[in-house]
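Hi,

Here is the structure I said I would send over.

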Amino acid sequence: MRKNFILDTNVLLHDPRSIYSFKEHNVIIPIYVIEEIDQFKRDLSELGRNARLVARYLDSFREEGSLKDGVRLPHGGVLRVCFSERNLPLSVADSNLMDNRILSVAIDLMEREPQSPAVFITKDTNLRIRADALGLIAEDYDAERVEITELYTGFTERLVPREMVDQMYKPGAEVEISGQDSLSPHQFVLLKDETNPSHTAMGRFNAARGRVVPLLRGMKSEGVWGIRPRNMEQSFALDLLMNDEIKLVTIVGKAGTGKTLLAIAAGLHKVTEESVYQKLLVSRPVFPLGRDIGYLPGTLEEKMNPWMQPIFDNVEFLMNLSRADKKAGRGYHELIDLGLMEIEALTYIRGRSIPNQYIIIDEAQNLTPHEVKTIITRVGDNTKIILTGDPFQIDNPYVDATSNGLVHVVNRFKNEKIAGHITMAKGERSALAELAANLL
């Protein structure tokens with residue numbers, strides 16, 4: 001049965017291509033939605049870009065016929081722009097006139113075309129509740145929604161014979177396990193002895209070889225820039241961060257799991273010790289926690305300092321500076337002055353091509369899928385990019401735990417041989433930080 005999907009403004013601003021997402025069903029855009037979108041078209045943000053894109057899509061459809069009468073969509077549905085002269089009863093109307101009019105269009109269609117069930121699509125929770133109270137079917141829109149509890153972890157456990165566990169500790173070892181066809185490239189496997197579950201070995205599935213291989217040697221004993229993994233998840237993360245074959249790494253974890261510290265340590269090691277990359281480039285989105293303090297004075301570097309202070313704290317911790325060193329003026333700026341590290345504002349990354357660098361994007365959960373795409377497509381030859389973040393700590397009002405750019409990348413790249421992912425759960429910052437992350 002063909003349905004009528006009525007789209008709210010926020011759906012089109014979230015994904016301009018949502019017009020094409022309903023297969024053989026009809027897509028209805030209330031004319032009041034176009035009026036609201038028109039208010040965003042001059043914005044320099046992603047919302048402004050999406051508003052202009054929606055206008056171009058609709059204008060291209062207009063060349064094929066009348067939007068009032070309907071234009072055929074690629075999958076067989078019909079796109080229409082509708083309006084309504086109906087007024088909602090005062091008992092259910094609210095102060096937002098446009099919301100009332102958009103709901104009126106949906107109710108009109110529900111009554112006029114009963115043979116095609118009307119479904120109202122909006123990302124506004126309160127509007128979905130109001131639509132439901134008016135007898136409309138109301139749904140959220142997310143083209144690739146992944147519940148955070150179902151997010152790919154990058155890790156699994158397998159019971160294997162004792163000999164296979166022992167084999168993993170030999171130089172050049174690699175083993176083939178049953179059911180490995182279901183593993184994703186670079187997925188980590190904890191091999192457990194069938195007869196003694198405490199007898200284990202850590203491995204990573206190498207899709208190119210079709211085998212489970214041991215983690216990179218030396219990290220546990222020698223460490224990376226003085227940092228040694230404290231748990232299994234950190235060992236997995238360092239293995240991804242230090243593997244030059246893996247060009248995209250995503251690390252998801254709650255506060256205190258060591259995501260940023262490990263990424264910076266690996267980046268500094270690759271730049272200064274191994275000289276694999278020319279420079280470590282670090283950035284993070286600019287979103288304040290709580291009320292913003294307003295405009296900041298000074299140069300770009302001075303403006304970025306408050307946002308980048310967590311990065312600087314990690315770098316100075318890795319430099320192992322004493323109190324006397326800090327009093328003498330030593331600090332993270334030494335690495336910047338030597339050209340080994342650069343702090344970049346994401347605002348100015350569009351249009352760049354960034355080769356031979358180790359890039360870390362911290363707090364990537366505050367980015368939209370489009371912003372993440374813009375960043376990753378800047379990557380040039382011999383560049384590795386790391387995205388870290390916690391989907392439960394989001395400050396961007398336009399994304400949530402399931403629609404942010406970090407989760408989007410994890411979902412899209414989990415089957416790619418060039419990418420690796422690990423979800424970290426165990427906090428190592430302090431006993432208090434771990435308790436707070438779990439209880440609060």
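One definition before the rest: a helix here is a DSSP run of H or I with at least four residues, a strand is a run of E with at least two, and both are numbered from the N terminus. Keep in mind that this is a predicted model.

**Overall picture**

The protein has 440 residues, and buried ones make up 50% of them. DSSP gives 15 helices and 16 strands. Along the principal axes, the C-alpha atoms fill a box of roughly 75 × 60 × 45 Å.

Which residues other than glycine have a positive phi? Lys 23 has one near 50 degrees, and Asn 356 has one of about 55 degrees. As for accessibility, Lys 23 is exposed because its relative accessible area is 60%, over the 50% cut-off. Asn 356, at 24%, counts as partly exposed.

**Pocket and cavity**

The second largest pocket has a volume of about 960 Å³. Of its 32 lining residues, Gly 256, Thr 260, Pro 310, Asn 314 and Arg 429 are the closest to the centre. Helix H9 (259-273) and helix H10 (300-318) each supply at least two residues of that lining, and H10 gives the most, with 6. By class, the pocket lining comes to 11 nonpolar, 10 polar and 11 charged residues.

How many cavities of 30 Å³ or more does the structure hold? There is 1, and about 60 Å³ of space lies in the largest cavity. Its lining includes Tyr 152, Pro 185, Leu 248, Phe 413, Lys 414 and His 421. Strand E11 (248-253), helix H14 (405-413) and strand E16 (419-424) are the elements that give two or more residues to this lining. The class count for the cavity is 7 nonpolar, 3 polar and 1 charged.

His 421, one of those lining residues, also turns up in a distance I noted. Ser 235 lies in helix H8 (residues 232-242) and counts as buried because its relative accessibility is 5%, under the 20% cut-off.

**Salt bridges**

Side chains of opposite charge can pair when their charged atoms come close. With a side-chain nitrogen of Lys or Arg within 4 Å of a carboxyl oxygen of Asp or Glu as the rule, the count is 17 salt bridges. Three of them are worth a look.

- Arg 112 pairs with Asp 108, the closest N and O atoms being 3.8 Å apart. The two residues are separated by about one helical turn because they are 4 residues apart in helix H4 (residues 97-112). Asp 108 is buried, with a relative accessible area of 13%.
- Asp 244 meets Lys 270 at 3.0 Å, N to O. Asp 244 is in the loop between H8 and E11 and Lys 270 is in helix H9, so this pair ties together parts that are 26 residues apart in sequence. Asp 244 is partly exposed at 30% relative accessibility, whereas Lys 270 is buried at 3%.
- Glu 342 forms a salt bridge with Lys 279, with 3.1 Å between the closest N and O atoms. This pair links distant parts of the chain, with Glu 342 in strand E13 and Lys 279 in strand E12 (residues 279-283), 63 residues apart. Both partners are partly exposed: Glu 342 at 22% and Lys 279 at 23%.

There is also a network: Lys 123, Arg 128 and Asp 140 are joined by salt bridges that share partners.

**A nonpolar patch on the surface**

Which residues form a nonpolar patch on the surface? They are Ile 31, Ile 34 and Phe 83, with about 250 Å² of accessible area together. Ile 31 is found in helix H2 (residues 31-38) and counts as partly exposed, at 34% relative accessibility.

That's the handover.

Cheers

Definitions and conventions
Residues are numbered from 1 along each chain as its sequence is written. This is a predicted model: local features need pLDDT of at least 70, side-chain atom pairs count only at pLDDT 80 or more; totals for chains, interfaces and linings use all residues. Side-chain values use heavy atoms; hydrogens and water are left out. Patches are made of residues with over 30% relative accessible area and no salt bridge: like charges are joined within 9 Å, nonpolar side chains (Val, Leu, Ile, Met, Phe, Trp, Tyr) within 5 Å. Accessible areas come from the Shrake-Rupley method with a 1.4 Å probe; for residues, only the protein chains shown count as cover. Buried means under 20% relative accessible area, exposed over 50%, partly exposed in between (1.4 Å probe, protein chains only). On a 1 Å grid over the protein atoms alone, a cavity is a set of points where a 1.4 Å probe fits but cannot get out, and a pocket is an open set with protein on both sides within 12 Å along at least five of seven lines; lining residues have an atom within 4 Å of a point. Grid points are joined across faces, edges and corners, and a volume is the space filled by probe spheres set on the points. Ala, Val, Leu, Ile, Met, Phe, Trp, Tyr, Cys and Pro count as nonpolar, Asp, Glu, Lys and Arg as charged, and the others, Gly among them, as polar.
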